[in-house]
Amino acid sequence: MSGNAKEQILDFVRARYPQADIDETQDIFALGFVNSLFAMELVMFIEKTFEVTIPNDELKIDNFRTANTMAELVDRLSPARV
Amino acid sequence: MTTLAETAPGTLQVTDRKSARAFVDTHIVPYADAYDRQGRVPEELLERMTAAGLWAPFLPRDTGGGEMDGGMDLVTLGEVHEEVGRGCSSVRSLLTVHTMVSWAVQRWGSPAQREQWVPALGRGDVLAAFCLSEPGAGSDASGIASNVVEKNGGWVLNGVKKWITNGQRADLFLVFARTATSIGAFLVPRDSPGVEVTPIEDMLGTRASMIAEISFRDVALGPDALLGPSGFTAGMVLTGTLDLGRYSVATGSVGIIQAALEACAAYASRRTVGGSLLKDLPLIQAKLSDMVTDARAARLLVAEAGRLKDAGEASTIMATWVAKYFASTAAARHASEAVQIHGANGCGHDYPVARLYRDAKVMEIIEGSNEIQRVTIASQAEREII
C-alpha cells in the first residue's frame, strides 16, 4: 500500500505545484508550499483517495511533511489487511 | 413556553428544492421587506424553520431505533439555501452561519463535543454564530487580535468580534482566537460570564440578520472549548468552515439573481412606457436575458462545487471560490439592473428590488471579499498553468 500511496500523494502535490521538483523525502513545509488552503486540500485528498478518516490527534505537522510520512499515516489509518 | 415547533407538527418539512420553495413562498417572501425594515427576523419564523427541519439538515439524523442516516447531501443543501436566499438574504445568512458552526462541530469535534452540541444544532434548539471578523481584521484572518491563554487546564479568552451575523440571537459562538502557536477555534456559549453582545443596527444590507459586536472579557473556558486540532492544522478548521460558508453565500447569491429576475419579469409584464409593455422593449429584454443566463451559469457552478463536496474531492475548495465570485458579482450586477428596470419604483418600499440591491452588495464582501477571491483564483491558475 505505502509505495502506491506515496506515488499517488506525490502526483497530487506535483499536480498542484508542477513547477516544483519534489521527491518522497522532501519537506513540503520547508519548501514553502503549504498554506491553509493546500493543507485542507491535502487532507481531503488523502481521506478521499485512501478511504480513511484522519482523526484530530493525527493532524500533526510531522505527519504531512513528506510523501513518506503521509504514506505512513495512510498505512496506520487503513484497516488491517488479511 | 410552548413553541411553534411543538404546536405546528404539520409544518411542511423541507427536504429538497421543491419543498424549500413552497416554504419560502409561504413563510418568507411575503414578509421579507418587513424583516428588512424591522431589522430582525421574528422568533416565529425561527421556530417555524425549526419545525421544518431547516437549520442543519446535512447532519446525521436519528431515524429511530438508534439508526442514523447521513443527512442531506450538499447539492440539495445548496438548492435549499438558494431558495431561502431568493426569499430573504437575511434569513439565508442565519442559515449560513448556523451551517458553518454545525458542520465544524460535526467534522472537527471530539465525541464529547459532538454529543453535547450536534443534536441541538441539528434541531435548531441551539442557534450558532461564526465569530471571525474583528474591528481590525476582516478577510485577513492573520490580523486576528483576539487571544486565548491556557490557564488552570482550560482557556481564558479576550477580544472583540465585529459584524457577527446572528450575534444578537445566537446561543453558541464559534470564536477564532490567537493561541500561543496558531489560531484556534473555541466554542463559547452565549451565557458565559464576560460575554457582552452589542447589536449593530442600520446596516446597508442583510439588515435583518441581527448583526452584533461581541466582546469577550476574561471569559473562562474549559479544556473542551477548543474545537479541532491545535498546531498547524488548526487553520484547516477555519479554511473548511469558511469554504462551506462561501458555498452557502454562493447559493444565496443565485437566489438573489433569481429573485431579481422574477421581480423584473413580473414588473415588465405590467408596466407600460409610451404604449408598450416594458417586456417588449429590446433594452429590457437584454437585461432579462442576461439575468436568465447568469442565473443558470451561477447555479451550475454552485452545483458543481456541491457535487465535489459530496464526493469529498479536494477541488471543491477552488470550485467554491469560483462559484461564489461569479454568483456574487452577477447578483450585484443584476440587482442593480433590477432597480433600473423598476425606475423610481425600484427605489422605494413597494417592490423588493431595493432590498435585493443592498443585500447583493454584501455578498461581494462576506466570506472572503471578492478581491481576496480573485487573488486566490489567480494563484490557482498560476500554479496549474505556469
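1. Chain A is helical. It has three helices and zero strands. Along the sequence, the pattern reads α-α-α. The radius of gyration of chain A is 12 Å, close to the 12 Å given by the globule rule for 82 residues, so chain A is as compact as a globular protein of that length. Its C-alpha trace spans about 40 × 25 × 20 Å along the principal axes. Note that the whole model is predicted.

2. Within chain A, one salt bridge deserves a look. The side chains of E41(A) and R16(A) meet at 3.3 Å, N to O. This pair links distant parts of the chain. Over all chains, the count of salt bridges comes to 29. As background, side chains of opposite charge can pair when their charged atoms come close.

3. For 386 residues, a compact globule would have a radius of gyration near 21 Å, and chain B agrees because its own value is 21 Å. The C-alpha trace of chain B spans about 80 × 60 × 40 Å along its principal axes.

4. Chain B is divided into three parts: domain 1 (12–126), domain 2 (131–233) and domain 3 (236–385). The next points take up the pair formed by domain 1 and domain 2 of chain B. Their centres, taken over C-alpha atoms, are separated by 22 Å.

5. How many residues of domain 1 of chain B are in contact with domain 2 of chain B? The figure is 23, and they meet 20 residues of domain 2 of chain B. About 1800 Å² is buried between these two domains. Carbon and sulfur atoms give 66% of that area.

6. Polar links between these domains come next. Between domain 1 and domain 2 of chain B the count is one salt bridge. E43(B) and R169(B) form a salt bridge through their side chains, at 2.6 Å from N to O. Seven residue pairs are in polar contact between domain 1 and domain 2 of chain B, both residues being at pLDDT 80 or more.

7. Which elements of chain B each supply at least two residues of the side of domain 1 that touches domain 2? They are α3 (32–38), α4 (43–52), α6 (89–108) and α7 (111–123) of chain B. The largest share of that side, nine residues, comes from α6(B). By residue class, the side of domain 1 of chain B that touches domain 2 of chain B divides into 12 nonpolar, seven polar and four charged.

8. Now the interface between the chains. The contact takes 22 residues from chain A and 25 residues from chain B. The area buried between chain A and chain B is about 2000 Å². Of this, carbon and sulfur atoms give 64%.

9. The count between chain A and chain B is two salt bridges. E313(B) forms a salt bridge with K48(A), with the closest N and O atoms 4.0 Å apart. The salt-bridge cut-off is within 4 Å. Three residue pairs are in polar contact between chain A and chain B, both residues being at pLDDT 80 or more.

10. On the side of chain A that touches chain B, the elements giving two or more residues are α1 (2–16) and α2 (36–50) of chain A. Which of them gives the largest share? It is α2(A), with 11 residues. The residues of this side of chain A divide into 14 nonpolar, three polar and five charged.

Key
Residues numbered from 1 in each chain as written. Chains lettered and ligands numbered in written order. Predicted model: local features only at pLDDT ≥ 70, side-chain atom pairs only at ≥ 80, totals over all residues. Heavy atoms only, no water. Domains from an automatic or database assignment. Contact = heavy atoms within 4.5 Å. Buried area = accessible area lost by both parts, 1.4 Å probe. Polar contact = N/O pair within 3.5 Å; in protein donor to acceptor, adjacent residues only side chain to side chain. Helix = DSSP H or I, 4+ residues; strand = E, 2+ residues; numbered from the N terminus. Nonpolar A, V, L, I, M, F, W, Y, C, P; charged D, E, K, R; others polar. Rg over C-alpha atoms; globule rule 2.2 N^0.38 Å.
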